[in-house]
Amino acid sequence: MGANLARNLARNGYTVALHNRTQAKTDDLLAKHGGDGNFVRTETLEEFVAALERPRRVLVMVKAGAPVDAVIEQLVPLLEEGDIIIDGGNSLYLDTIRREKELSAKGLHFVGVGVSGGEEGALNGPSIMPGGSKESYASLGPMLEKISAKYNGEPCCAWIETDGAGHFVKMVHNGIEYADMQVIGEAYELLRSGAGIEPAEQAEIFRQWNTGQLNSFLIEITAEVLAHTDAKTGKPFVDVVVDSAGQKGTGRWTVIAALELGSPVTGIAESVFARGLSSQRDQRAVAEQTLVAGTEDVDVPESFVDDVRQALYASKLVSYAQGLDMLNLAGKQYDWDLKLDRIASLWRAGCIIRAELLDDIMQAYAPGNEPENLLFAPAFAKAIGDAVPAWRRVVATAARLGIPTPVFSSSLAYYDGLRRDRLPAALTQGLRDLFGAHTYHRIDGEGTFHTLWGEDKSEIEAVDTH
Ligand code: 6PG
């Protein structure tokens, strides 16, 4: 990633001083790609810092966590007031908030920047989500905008908000990325095990889907992966890959942050859990042999394929709605004025979740509209409403066939949960009041109440503990 960002900067006319702990890596980059532009080879950190124009702009690309702190510690004594350290890795936003505070006390700027697009994006134009002070963006913005992806000529880079906001938004992007991939996986499994469609044929279906409502990078590369045949065995590539999905942490962090914010990101959470379950291979082997399936024979009609497409679209919309709702809550918690239209606009090109849908999401949050939930925007309320009957059929069929669809199902539950006039939370409140005197509110007036369950069941006014 770091090497490709350096090459991208050089290709855009910036002189880039290079430093790597392992000198051979710098030399390798220069040997292979020195022709991309102006690079300055440096051997020591001192030499590297001395090569930079002031205010210095130091882009750090190391593994998130302790390595970032270690590099900062080495850099700080060499830098001067006003210099900027940019962390372009997938750092935890809480670390970024802490680092920004510590460094601003020393007169330095620290900018946590979310960068999405993988290796290819870093080289040809990623989506860039910078946090940090507005002042630092004045110096960094033009450069970052220049190397970013463009959507109809507009840079997919804009200042997000202060301190950890850039990394927070990138984290939620990744949470949505997890959900996006999981719903694609659920669709694949339904078509494979439910409708008996082999990967190569599915590749065509996904290619077709990519020309409509679902048009996105992830659907496009799904077709590519499904069409791939393993050279060694001649089998579909997906059949020779171990079905246990790893994670580096950003999806998990999204869920942890959501739990703390009280944000119901059920689709993202189920995607993280689905990866966890896939990794419990020993338990899965025992379960396969011992647990009863209790499934039914279902005649899967031809229309099932299009039903799955609609269920995928609806579940995807829910994941975006949940992720954006989480950003709203985080904005309140961290005092960030997060502009959802701007954030959606940055995700329209360059990043992993880039999709046609994001342009519509951007329009839905245009100033003056700002729906409380994406699903309330008229265009999306209609789109998801149109998909609901198919979505219900798919979830019901999946349950009868015993095909796990955690995100399809939980997203439908979220949709119904939002929609319903009354929820059984009233009963939960009653139970909590009975066993723990946790109190409740009444639908017919103000105040907080407790029922004397162990006595005559009369109701008293109480101090709010719920
Ligand atoms: C991106 C990706 C990138 C990386 C993820 C993978 O936006 O370019 O999100 O950041 O691929 O961190 O995360 P997992 O390893 O957790 O799937």
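**Entry 1: a proline in a loop**

I looked up P55 and found it in the loop between α3 (45–50) and β3 (57–60). Helices here are DSSP runs of H or I with at least four residues, strands are runs of E with at least two, and both are numbered from the N terminus. The peptide bond joining R54 and P55 is cis, with omega about -10 degrees.

**Entry 2: what I am working with**

I note that this is a predicted model, in which local features need pLDDT of at least 70 and side-chain atom pairs count only at pLDDT 80 or more, while totals for chains, interfaces and linings use all residues. Residues are numbered from 1 along each chain as its sequence is written, and side-chain values use heavy atoms, with hydrogens and water left out.

**Entry 3: the whole chain**

I listed 20 helices and ten strands in the chain. The radius of gyration, taken over C-alpha atoms, is 25 Å, close to the 23 Å from the globule rule for 466 residues, so the chain is as compact as a globular protein of that length. The rule is 2.2 Å times the number of residues to the power 0.38. Along the principal axes, the C-alpha atoms fill a box of roughly 75 × 65 × 45 Å.

I then looked up burial: 48% of the 466 residues are buried. Buried means under 20% relative accessible area, exposed means over 50%, and partly exposed is in between, with a 1.4 Å probe and protein chains only. Of the contacts (heavy atoms within 4.5 Å) with a separation of 6 or more, 67% are between residues 24 or more positions apart.

I also looked up the charges, counting Lys and Arg as positive and Asp and Glu as negative, without His and the chain ends. Each charge is placed at NZ of Lys, CZ of Arg, CG of Asp or CD of Glu. The mean positions of the 44 positive and 65 negative charges lie 4 Å apart.

**Entry 4: N8**

I found N8 in helix α1 (residues 2–11). N8 counts as buried because its relative accessibility is 3%. What lies 2.9 Å from a polar atom of the N8 side chain? I found the backbone oxygen of A122 there; a polar contact is a pair of N or O atoms within 3.5 Å, where within protein one must be able to donate a hydrogen and the other to accept it, and residues adjacent in sequence count only if both atoms are side-chain atoms. Leaving aside neighbours within four places in sequence, N8 is in contact with residues including G121, L123 and I147.

**Entry 5: two positive phi values**

I looked up T439 in the loop between α20 (425–436) and β9 (449–451). Its phi is near 70 degrees, a positive value in a residue other than glycine. K457, in the loop between β9 and β10 (459–461), has phi near 65 degrees, also positive in a residue other than glycine. Buried or exposed? T439 is buried at 2% relative accessibility, whereas K457 is exposed at 53%.

I found S319 in helix α15 (residues 304–334), and S319 is buried, with a relative accessible area of 2%. Neighbours within four places in sequence aside, S319 is in contact with I176, A179, G267 and V407.

My last stop was H228, in the loop between α10 (217–227) and α11 (237–240). H228 is partly exposed, with a relative accessible area of 41%. Not counting residues up to four places away in sequence, H228 touches P236 and F237. H228 and V238 are ten residues apart in sequence and 8.1 Å apart in space, C-alpha to C-alpha.
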